[in-house]
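The following paragraphs lead the reader through a structure, part by part. Please keep the sequence and the model in view while reading.

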Amino acid sequence: MSLSVRLRHDFPSMRMDMAFEVPSPGVTVLFGPSGAGKSTIILAAAGLLRPDVCRIEVDGQVLADTATGMWLPPENRRVGLVFQDARLFPHMSVATNLRFGMRRAPPGTVRFDDVVDLLGIAALLGRRPATLSGGERQRVAIGRALLAQPHLLLMDEPLASLDAARKAEILPYLSRLKTALRLPVLYVTHDLDEVTRLADSLVLVDAGRVVGFGPLTEVAARADLPLAQRDDAASLLHCRVVEHDPGRELTRLDAGGATFWVPLLDAAPGSESRIRIPAREVILAGRAPDAISLHNIIDGTIRRIAADPVRRAVMVEIVLPNGALLARVTPDAVSRLALSPGGPVLALIKSTSIEVLGG
Amino acid sequence: MIVAARAVGFGLPLAIVMAWVLARYRFPGRSMLNALVHLPLVLPPVVTGWLLLILFGIRGPIGSLLLQWFDIRLVFTTAGASLACAVMTFPVMVRSVRLSLEAVDPGLDQAARTLGAGRLDRLFHVTLPLASPGILVGGIVGYATCLGEFGAVITFAANIPGQTQTLPLAIYAALQVPGGEAKAAELSLVSLTLALIGLLLSEWLGKRLNVVLGR
């Protein structure tokens, strides 16, 4: 099953021409600077904006196809949309707001009590939207969209209008939703933290074009894509907790064949998590050093070496059995170690440099 | 009083429809329609009454049809007085309703769309409830204006006591009679009270509604 979007639209100031296809269910984050065209994709998917050329297909169901003149109006699309400003109906209670879409949709699998429970809004049901905090409003808006039994959930910067504390309050709920729902989700943000915590797939959008898309771990580790140009460039890997070693205060993680040791975790063995490894924390070596404090010496193959002239650095992309690593080193290191695409290399990573993100 | 109630009763729903059309849609002739709606506001009332007489008179194009098909006679009847009042207060009501419709956040309409609500569904469950303070104020001000309507009514429906005599017509009639000042004063007091009650009521209801609407 997949979600595929293709659209072209001429705005007075710029042309949008974008296409991508991602697996469904799963959270796909549309990431890019403001005005790049992320919201255009969301509005077109919801049916609130009609592009010149557009085809949108969700799990085999075509929502819009300008080639055949097919255009489902928003009210018949069963596509949930969470706006940046929650847009709750001010004249209804929270409970009535939640039921607004549910009453108009055929019975589905999303149950009222489950959603209220999942989002922690049971105490708010009798209140009016005007009396809610920003974070509470956004949670109700998410619940309202889910209860309309959507085939596709769209979230247009749902956390952008909230301060850091409110964001931190909602993010865990979103992570829980992600695992509880079997639903394709398109999520717009320009906050990298939300990307690393929520995304399964990533679509990079810039100036009306899609510059790259694919699984998060792949796109994040592509040295030639914009994410690698950032100061906080990092690789992301899916891991499973293998065992704890309380004596050494370490936990062993397995990322599809590559082993990582990190400082002792609380997570139960067998649970899934994702880890983030900043590119500037990765050391490359030709030979394994001995007598070193380091725990993680990872075997890999170089796939790509991309110059980063602004920082007088080089980004090296290393293939692992499952995923890829990014290392930001100096051009001098590349020539001293004689690194080249296709060649073997050892990545040295301090346990304390690995950020474990959970879920 | 009954004249005014009927005028508002029939006029307000029409005013809502007209206001919705003017507020939401852009079409050729829209400004012409807008001007037509507001015409009674700037036209001398007597002219409006005369135009009604031409259109709805027994021999007028609409009046003769009504008489032939439905046996309805509007001229010089209570219904006619209501029609004259409704036409005169229509612009006031449309203005008030339209302003409140335009104040409703179109984003909420979009949200309702994505939640599966069709056009009428959205109108009745989102837009109109949110515009209700303006609609209410329009109705009350319209009612109060109806009570004071003079020129168009006297021209179109005449001044028949108990049938088409509105308050100002009664006051005017009383003033024409020698020694009628006392009656005129009495009626004026009634008029003053009604107007005050109307204004206070609309203020109070508007506040209450805003509380309900969570503003």
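**Where the two chains meet**

In this predicted model, 21 residues of chain A are in contact with 17 residues of chain B. On the side of chain A that touches chain B, strand E7 (79-82) and helix H2 (94-103) of chain A each supply at least two residues. The strand E7(A) gives the most to this side, with 3 residues. Sorted by class, the side of chain A that touches chain B has 13 nonpolar, 3 polar and 5 charged residues.

**A helix pair in chain B**

Two packed helices are described by the angle between their axes and the distance between the axes. In chain B, helix H5 (residues 78-103) and helix H7 (residues 119-147) pack at an angle of about 155°, and their axes are 8 Å apart. An angle over 145 degrees counts as roughly antiparallel, and H5(B) and H7(B) are therefore roughly antiparallel to each other. The crossing in which H5(B) passes H7(B) is right-handed. Among the residues that make the contact are Cys85(B), Thr89(B), Val92(B) and Met93(B) of H5(B), together with Gly138(B), Val141(B), Gly142(B) and Thr145(B) of H7(B). By class, this contact of H5(B) with H7(B) has 12 nonpolar and 9 polar residues, and no charged residues.

One residue of this pair may be followed in detail. Val92(B) is found in helix H5 of chain B. Is Val92(B) buried or exposed? With 21 other C-beta atoms within 10 Å, Val92(B) is buried, because the cut-off for a buried residue is 20 or more. Leaving aside neighbours within four places in sequence, Val92(B) is in contact with Gly138(B), Val141(B), Gly142(B) and Thr145(B).

**A helix pair in chain A**

H4(A) passes H5(A) in a right-handed crossing. On H4(A) the contact is made by Gly134(A), Gly135(A), Gln138(A) and Arg139(A), and on H5(A) by Arg166(A), Glu169(A), Ile170(A) and Tyr173(A). The contact of H4(A) with H5(A) has, by class, 2 nonpolar, 3 polar and 3 charged residues.

Ile121(A) lies in the loop between helix H3 (112-119) and H4 of chain A. It counts as buried, with 21 C-beta neighbours inside 10 Å. Not counting residues up to four places away in sequence, Ile121(A) touches Val94(A), Val116(A), Arg139(A), Val140(A) and Gly143(A). The C-alpha atoms of Ile121(A) and Glu136(A) are separated by 7.6 Å, although the two residues are 15 residues apart along the chain.

**A sheet in chain A**

Strands of a sheet pair through backbone hydrogen bonds, either parallel or antiparallel. In chain A, 5 strands in the order E16-E20-E17-E18-E19 form an open sheet with antiparallel pairing. Strand E16 (283-285) and strand E19 (323-329) of chain A stand at the edges with a single partner strand each, so one side of each is left without a neighbour in the sheet. On average, and ignoring direction, neighbouring strands of this sheet are turned by 45° against each other. Within the sheet, strand E17 (residues 296-308) and strand E18 (residues 313-320) of chain A pair in the antiparallel sense over 7 bridges. Opposite Ala313(A) in E18(A) stands Asp308(A).

Methods. Residues are numbered from 1 along each chain as its sequence is written. Chains are lettered from A and ligands numbered from 1 in the order in which they are written. This is a predicted model: local features need pLDDT of at least 70, side-chain atom pairs count only at pLDDT 80 or more; totals for chains, interfaces and linings use all residues. Axes are lines fitted to C-alpha atoms, for helices over the stretch in contact, and angles run from 0 to 180 degrees between N-to-C directions. Helices (H or I, at least four residues) and strands (E, at least two) are DSSP runs, numbered from the N terminus. Angles under 35 degrees count as roughly parallel, over 145 as roughly antiparallel, 65 to 115 as roughly perpendicular and the rest as oblique. A crossing is left-handed if the near helix is turned anticlockwise from the far one by less than a right angle, and right-handed if clockwise. Two residues are in contact if their C-beta atoms, placed from the backbone, lie within 7 Å. Ala, Val, Leu, Ile, Met, Phe, Trp, Tyr, Cys and Pro count as nonpolar, Asp, Glu, Lys and Arg as charged, and the others, Gly among them, as polar. A residue is buried if 20 or more other C-beta atoms lie within 10 Å of its own, exposed if 12 or fewer, and partly exposed in between; C-beta atoms are placed from the backbone. Two strands pair if DSSP finds at least two bridges between them.
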